[in-house]
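Biologist: Please give me a close look at one part of this model, the contact between its chains. Then lead me on from there, step by step.

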Amino acid sequence: MSNILEIKDLEKTYVSDSERLTILKNLNLSVAEGSKVVIVGESGSGKSTLLNIIGGIDKITSGTVLAGPDGKYNLSKLDEGEIAEYRSSFLGLIFQFHYLLKDFTALENVYMPAFIAGVPKKEAEEKAAALLQDVGVYDRRNHLPSQLSGGERQRVAVARSLINNPSLILADEPTGNLDPANAQLIGDLLFSMVEKYNKTLLLVTHDLTLAKKGGNCFKIVKGRLESAEIKGSGR
Amino acid sequence: MTFKSSLMFAKSLIFPKAEKKSSARRSLWGALLCIGLSIVPLVVVLSITNGMIQGMTDRIIGLSSNNIQAYVSPKLKDTQQAQAYRDYAEQFKTVDGVLGVYPEISVTALAAGKKMRTGIQIRALNKEIFSQNKAFSELFSIIEGDIQSFQNQNEETETWAIVGQKMAEMLELHEGDTFRVITIKTIDGKQSPKLTSFKVSAIVSSGYQELDALWVFIPLESAYKFISLANASYTVMIETPDSYSPDLVRIQKELKADYGKYINFYRWDQVHAAEFENFSSTKVMLVFIMILIVLVASINISSAIIMLVMERKKEIAILKSIGATPSGITFSFIITGMTCGLGGLILGLPFGLLAAVNANQIVQFIEKAVNAIARAGYVLKGVPADEINAIRLMDPAYYLQTIPVDLPFAQIILISLSTVLLALLVSVIPSVKAGKEKPLDILRKA
């Protein structure tokens with residue numbers, strides 16, 4: 001299987017007035033298409049930073065991040081418009097917080113990425129309705145995020161990440177803000193949806209139970225990725 | 001980001017479903033209200049100044065000079081006798097486009113009424129001018145008396161005159177009253193006054209007091225018989241189909257070519273150049289001030305959009321994380337700003353038009369209210385009620401007695417387009433800033 005993501009010698013340094021803080025150093029990672037990669041690590045180790053870089057949200061200090069078939073997207077060279085296109089067509093993002101648009105209904109939140117990408121509204125709505133059916137909140141499709149429970153919001157977020165048929169799903173602590181029961185449900189749902197739609201998943205989590213569901217597992221140690229074996233269970 | 005998705009986001013900015021209590025949204029509605037309020041006086045001022053200028057122009061052209069005015073040399077022998085003068089003027093009708101000719105002798109004089117005297121302009125014209133000339137018959141209204149005695153008089157024995165309303169008020173004249181006119185005659189190089197008595201046949205008003213305060217109309221024959229013409233000027237008002245037609249220049253040129261030896265021909269815009277320049281500059285100044293008000297109101301839109309961007313940073317970041325482009329986000333905020341401008345326009349325009357159409361009633365109402373308050377204040381201070389002068393908001397000494405309203409639809413369309421364009425311009429900077437928001441900082445802080 002070909003690689004969908006190739007990271008080479010990635011370095012990320014934050015420079016403030018008084019100090020330079022290197023979060024990621026000489027980090028290398030290859031993610032094969034269809035794989036489910038899990039990254040774990042201590043708080044502040046740089047897991048979310050890595051995901052933000054891959055999501056085009058944060059900038060690279062040095063190194064290369066190539067995403068897409070044949071490294072179509074070189075993240076250090078994309079301008080704002082290209083990054084938008086990259087996020088729209090290649091990525092599905094799930095955050096720890098649901099990050100749904102508060103004035104849009106569940107259905108609108110799910111179809112919005114497709115609508116932004118130019119899919120006709122009716123088609124986008126149908127697709128969104130099917131995804132909401134898949135994640136089990138179809139009945140709540142006309143409710144605003146404020147009218148949904150935490151678990152339901154995260155289900156909507158999972159559905160939204162899949163609407164544009166992305167190649168890669170980036171999930172940053174998707175269960176981090178949920179109670180254990182809901183975390184278990186959302187974790188299972190995430191993996192089942194990724195499996196169903198045959199997507200590549202890059203998951204960052206503290207939750208070892210969730211991490212165990214993935215395939216390759218890595219741990220960030222001193223800014224570098226090391227292979228890790230998940231032992232035990234629980235969060 | 002597609003146009004439709006930008007519209008959808010803009011709609012959620014203006015009509016949010018979740019949080020109704022938003023200070024940015026309140027500012028947005030406030031800006032809309034300000035635009036609406038600023039549009040009202042702009043439309044009213046435009047409509048009134050247009051009507052006022054049109055009304056004054058019509059009166060000045062129609063009653064004072066007509067479309068072309070001929071200045072005849074007093075040395076011309078045809079000016080020495082009324083019928084000869086009339087016949088001479090009739091020749092101008094041979095020029096294509098000349099509809100009517102009205103010979104006139106104009107003399108500056110002093111009029112003495114019951115208690116006071118005032119400077120006047122005697123206008124000696126054909127007796128039939130009040131019924132024959134379109135402008136005279138339409139623009140003069142008879143306040144007192146009738147024009148029959150004026151038109152049917154025997155100029156050999158009778159001296160009927162028609163006077164302007166304002167002058168009649170100043171000289172305390174009424175129908176049938178006699179007043180004296182003093183002109184200057186020169187005998188052997190010595191100047192002496194010549195007194196003539198005239199009887200008031202009718203008191204007329206053109207609605208423009210500046211004109212009504214000056215004019216006394218007498219028949220052409222009476223001028224030759226009863227007053228001194230030592231300082232008289234001889235003119236002919238020449239009526240043509242349209243005051244604003246380019247054909248006027250052609251008629252003027254032909255008249256000059258045929259009769260230019262003893263006569264100068266001037267178009268109305270040349271005769272009254274100073275007045276019209278004054279009208280135009282006043283209108284430009286007023287409209288400029290009103291546009292400044294709209295401009296200041298538009299700046300509120302900019303402030304509201306700045307607040308909206310600050311309030312909606314999270315939504316901007318979320319949209320960017322799902323593929324929205326900076327230009328798409330910018331466009332959403334620009335649409336919001338323009339909608340605000342358009343909303344203000346939709347709110348203000350009907351009120352402006354309504355106020356313009358009812359300008360006379362509104363001014364009267366305000367005048368009554370101001371006078372009632374002022375009267376109450378003076379009475380409380382102990383000033384006797386009969387000593388209190390009424391306050392006139394629009395003194396007819398300077399304006400027309402009734403405000404003529406002329407809705408300038410082309411200019412209103414221009415205002416509407418300019419307001420929306422202005423709303424767009426003031427929204428650009430905060431909207432571009434919204435498009436440049438970095439999602440990372442916002443999502444981290446959220």
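Modeller: Chain A puts 26 residues into the contact and chain B puts in 22. Residues touch when their C-beta atoms, placed from the backbone, lie within 7 Å. This is a predicted model: local features need pLDDT of at least 70, side-chain atom pairs need 80 or more, and totals for chains, interfaces and linings use all residues. Residues are numbered from 1 along each chain as its sequence is written, with chains lettered from A and ligands numbered from 1 in the order written.

Start on chain A's side. Helices α2 (80-89) and α3 (106-116) of chain A each give at least two residues to the side that touches chain B. (Helices, H or I of at least four residues, and strands, E of at least two, are DSSP runs numbered from the N terminus.) The largest share, 5 residues, belongs to α2(A). By class, chain A's side has 14 nonpolar, 5 polar and 7 charged residues. (Nonpolar: Ala, Val, Leu, Ile, Met, Phe, Trp, Tyr, Cys, Pro; charged: Asp, Glu, Lys, Arg; polar: the others, including Gly.)

Now look at a sheet in chain A. Its 6 strands are ordered β6-β7-β8-β3-β9-β10, the sheet is open, and the pairing is mixed. (Strands pair if DSSP finds at least two bridges between them.) At the edges stand β6 (91-94) and β10 (224-227) of chain A. Each has a single partner strand, so one side of each lacks a neighbour in the sheet. Ignoring direction, neighbouring strands are turned by 20 degrees against each other on average. (Axes are lines fitted to C-alpha atoms, for helices over the stretch in contact; angles run from 0 to 180 degrees between N-to-C directions.) Inside the order, β3 (residues 36-40) and β8 (residues 200-204) of chain A run parallel, joined by 4 bridges. There, A:Ile39 stands opposite A:Val204.

Cross to chain B. Strand β6 (residues 178-187) of chain B is joined to β2 (residues 100-112) of chain B by 3 bridges, and the two run antiparallel. B:Ala112 has B:Arg180 as its bridge partner. β6(B) also pairs with β7 (residues 190-205) of chain B, antiparallel, over 10 bridges. In that pair, B:Thr183 faces B:Lys194. The hairpin of β6(B) and β7(B) has 2 residues between its strands, and B:Asp188 takes a positive phi near 50 degrees.

Finish with two helices of chain B. α14 (residues 326-357) and α16 (residues 409-435) of chain B pack at about 150 degrees, with axes 7 Å apart. Their contact holds 18 nonpolar, 9 polar and no charged residues.

Conventions
Contact = placed C-beta atoms within 7 Å.
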